[in-house]
Structures are given as C-alpha cells and as structure tokens.
Amino acid sequence: MISPISNSKISVNFKSNNAEGKKLPYAKDTLLENNFANRTRIGFDKFTNALTLYPAKGLKGSKNANFYEFLTMGTVPYVIGSLMLMSVFNSANKFFAPLARSKAGAIGRKMALGVLFYGILKSATKSFVTSPVKWITGVDTEVPYAKVNYELPDNINDTDITSIEYHKAYESKEFPRWDLFYKSEAHGETRNEYYDKIAKKLGYGDNLNDSDQEMKPVIRKIATKTDMAKILSSYFWAAAGVAYAFQTPWEDYFNVATLKFWKFDKFKHSLKVFKDSAIKSAKELYRGPKNAAGWAKHAGKVMIGAAVLSSILGVINAVSVKKPSPLKADDVIDKDRKFVVN
C-alpha cells in the first residue's frame with residue numbers, strides 16, 4: 001500500500017533576507033529624493049556591484065542575472081576604456097628622444113585631460129536641461145526609485161533572495177511608474193497631490209476632478225522631450241570640454257602638476273597654477289589663440305554658443321505644452337436658445 005504524503009512532513013519555505021534578522025533597506029518599491037547624497041550613493045552602489053556581484057552572477061550562470069545587471073556592467077568597460085585612452089598616448093613617451101618626448105607628452109596629457117573633461121561634462125551638463133524643466137513644470141525626469149526584486153533561491157538553504165535595483169521613475173515613457181507618485185489617503189494625504197501641483201504649475205487650474213488622468217499624457221510628453229534635449233545638449237558640452245582641454249595654458253599646469261599632497265608646498269603651488277591655467281584656457285577658448293585668424297579665432301565661440309543654445313532650445317521645447325482652453329461649456333452654449341435635432 002502506498003501511503004499518502006502528509007503536508008506536515010514536507011515544508012519548503014523561501015525567506016527574504018530579513019529572516020536572518022537583517023533589515024531590508026526598502027520593504028517595497030520606493031520613490032527616492034533626487035538629491036546629491038542619494039545620487040552619489042546610488043552611483044557608488046551600482047558601480048561596485050558592476051565590478052563584483054553582477055559579473056560573478058553572470059559567470060556562474062545564475063538564473064537571477066538580468067538585463068538591468070547587464071546594462072549596469074556597461075560602466076566598467078567605459079571607465080577602463082577611458083583609462084586606456086588616457087594611457088595609450090602617454091605610456092610610450094619614455095622610448096622617444098628628449099625633444100620628441102616633450103612634444104608627445106604635451107599632446108598626450110592634453111588628450112588625457114580631454115577624455116576626463118568629456119566624461120565630466122557629458123554627465124554634469126544634463127542638469128542644464130533637467131533642472132530648469134523641473135523648476136518650470138514641476139516634472140523631475142531624473143527622480144530615482146528603488147525597486148525590490150524577490151529572486152529565485154540558488155539552493156534550498158538560500159535565504160538571501162532579495163536584490164535592490166535603482167531606476168528612474170520616467171525611464172520608460174510607455175510605462176512610467178505612475179503608482180509611486182500617489183499619496184496615501186490612509187495617512188490623511190491627498191491622493192493626487194503630485195498631479196495637482198503639476199496641473200497648477202502648468203496652468204491647468206486647481207481642484208481638477210481627475211488631475212492624474214489629465215496630467216499623465218502631458219508629463220509623458222515633457223519627459224520625452226527632456227530626455228531628447230539633455231542627450232543632444234550633453235554631447236555639445238562634452239565636445240566643448242575636449243576643446244577646452246586642448247588650450248595652450250594647460251601646459252603651465254602640466255609642468256608643475258603633482259599629486260604628492262604630503263609635499264604641501266609643491267602641491268599647493270600646483271593647485272594655484274591649475275586655477276590660473278583653467279581661467280586662461282577658458283579665455284583662450286572663447287577669444288581664440290593670439291595669432292589665430294578667421295575661423296580658428298571664432299571656433300571656440302561657436303562651440304560654446306552651440307552648447308549653450310542647445311540647452312536653452314531644449315528647455316524651451318520641453319516646457320512648451322499646450323495649455324487648456326479657457327472657454328467653458330457655458331461660454332459657447334446659450335441655454336436660453338432652443339435647438340432641434342433631426
């Protein structure tokens with residue numbers, strides 16, 4: 001006789017990592033404040049995971065490895081490639097004759113500085129578009145949120161089955177995380193408070209019956225146009241950063257540059273020269289080299305102007321939303337007249 005399997009004898013229980021007494025950083029998907037501290041923490045967390053955790057999961061064929069982790073690991077070859085690009089023009093200088101070595105060194109250091117400025121400006125200047133759009137419309141297209149994933153256990157004794165991903169609420173234009181912006185009525189908050197504020201800021205009025213339904217298409221358009229503008233603008237600024245790095249006054253800094261902060265006097269002097277070189281290089285980029293003429297004299301102005309103009313036009317385009325008509329039904333329908341419908 002085959003005995004039936006009793007449910008009391010078999011118990012498989014998958015636990016989250018707070019089963020061991022650890023406290024989860026987030027109990028559910030959570031909207032985060034878009035400030036410097038959070039951006040720094042998120043960036044550090046993603047980069048360290050891209051170096052350690054995510055490659056290990058992929059190499060061992062973990063069933064929990066996903067596309068988010070694959071994209072996050074893209075920052076690693078970006079950084080390694082930048083470092084290689086910096087070194088490729090400088091590492092062979094020692095094999096050159098003294099005169100050729102000095103000339104190659106000057107160009108190589110400028111190229112290294114150009115790579116650095118390219119990366120910094122390409123990232124930092126996105127706020128030239130997103131910040132004004134947020135101030136004018138109330139829509140922060142860069143607002144981050146923490147997504148809580150419950151993974152499959154790798155073995156029967158695995159209790160650490162949660163992972164945190166960091167996304168932006170508007171990174172998907174088709175499926176933004178609208179749900180994260182609703183307030184809790186159970187805590188005495190107004191459910192559509194976020195959408196009410198945006199409606200008021202954009203001139204749609206106060207106390208709309210369904211502000212969320214009216215604002216969602218508008219917010220989606222703003223987010224789409226803002227993303228396009230910040231990407232285009234950031235490349236113009238990055239190009240200006242490379243041009244800035246190739247100005248002649250930087251050579252004064254390269255001659256005294258040192259990172260040996262324990263030699264305080266030399267380090268302090270190098271910082272002073274860096275400041276002077278930065279100011280002089282900015283002036284030379286704008287005014288052109290001393291003996292330059294024609295296009296070469298105005299190339300810097302054109303480059304800076306194109307970058308500034310791309311940011312301004314991007315913001316104008318992003319905040320240009322169609323305002324609702326001020327006319328109401330009572331303004332166009334005369335209730336005192338009679339109408340016949342055939």
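Buried means under 20% relative accessible area, exposed over 50%, and partly exposed in between, with a 1.4 Å probe and protein chains only. The model shown is predicted: local features need pLDDT of at least 70, side-chain atom pairs count only at pLDDT 80 or more, and totals for chains, interfaces and linings use all residues. Residues are numbered from 1 along each chain as its sequence is written, and side-chain values use heavy atoms, with hydrogens and water left out.

**View 1. Lys-168 forms a salt bridge with Glu-142.** A salt bridge is a side-chain nitrogen of Lys or Arg within 4 Å of a carboxyl oxygen of Asp or Glu. Here the closest N and O atoms are 2.6 Å apart. Lys-168 belongs to strand S3 (residues 162–168) and Glu-142 to the loop between helix H6 (127–137) and strand S2 (144–150), so the pair ties together parts 26 residues apart in sequence. Helices (H or I, at least four residues) and strands (E, at least two) are DSSP runs, numbered from the N terminus. Glu-142 counts as buried because its relative accessibility is 15%, whereas Lys-168, at 33%, counts as partly exposed.

**View 2. Glu-142 also forms a salt bridge with Lys-230.** The closest N and O atoms of this pair are 2.4 Å apart. Lys-230 lies in helix H8 (residues 211–245), 88 residues from Glu-142, and the pair links distant parts of the chain. Both Glu-142 and Lys-230 are buried.

**View 3. Lys-230 forms a salt bridge with Asp-227.** Their closest N and O atoms are 3.5 Å apart. Both residues lie in helix H8, three residues apart, about one turn of the helix. Asp-227 is buried, as is Lys-230.

**View 4. Salt bridges link five residues in a network: Glu-142, Lys-168, Lys-173, Asp-227 and Lys-230.** The structure holds 12 salt bridges.
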